[in-house]
Amino acid sequence: MALEVAPPGTPPGPPALGVWGPGFRITPARVGEIVAAARKAADTGAVRFSIVTSGGAMRRGHLLDTTLAAIERIRNETGLELCASLGCVERRVLDELKRAGLTRYHHNVETSESYWPRVCTTRPYSEQRRVVTEAAAAG
């Protein structure tokens, strides 16, 4: 579920699963919209579909429930492999995502620990390392 923020008046690029409008308001996609985008991807020859969110960690709630439901439906209805990038999630969320059908978790850690404070000030590098380690352990 790509929740994108673009300046008002920016024309949409490739099909986005989030909707933006004046003032950078973000409207999360619904399960049916995500599944429809996955079907379209499958119809054009894709073998993998990625769900991406913006912002902090995904925790229990509407966004996680929507993501889990979308993963289950896409897995059952399209045959696509599924990956996601959902931020600094907890191990229990990774386990739920795997049970729903997620086969790959992407987490950006594209710099060294010594350079990290210049790149990100919202969370420590150790949190990034924890997510990568727990995703690998979740399988």
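In what order do the 3 strands of the open sheet run, and is their pairing parallel or antiparallel? I started my notebook with that one, keeping in mind that this is a predicted model.

**Entry 1, the sheet.** I read the order as E3-E4-E5, and the pairing is parallel. At the edges I found E3 (48-52) and E5 (104-105), each of which pairs on one side only. I then followed E3 along E4 (residues 81-85) and noted 5 bridges in the parallel sense. Phe 49 stands opposite Leu 82 of E4 there. A reminder to myself: strands of a sheet pair through backbone hydrogen bonds.

Which residues of H3 (residues 91-100) are buried? My list has Val 93, Leu 94, Glu 96, Leu 97 and Ala 100. They sit on the same side of H3, because they span an arc of only 160 degrees around the axis. I also checked what covers these buried residues, and the cover includes H2, E5 and helix H5 (125-138). Just after H3 comes Gly 101, with a positive phi of about 125 degrees.

I counted 5 helices and 5 strands in the protein chain. From the N terminus they run β-β-α-β-α-β-α-β-α-α. Of the 139 residues, 35% are buried. The accessible surface comes to about 8,000 Å², and 54% of that belongs to carbon and sulfur atoms.

Definitions and conventions: Residues numbered from 1 in each chain as written. Predicted model: local features only at pLDDT ≥ 70, side-chain atom pairs only at ≥ 80, totals over all residues. Heavy atoms only, no water. Pairing = 2+ DSSP bridges. Helix = DSSP H or I, 4+ residues; strand = E, 2+ residues; numbered from the N terminus. Buried < 20%, exposed > 50% of the residue type's maximum accessible area, 1.4 Å probe, protein only. Arc of directions from axis to C-beta. Contact = heavy atoms within 4.5 Å. Areas by Shrake-Rupley, 256 points an atom, 1.4 Å probe, with all protein chains shown as cover.
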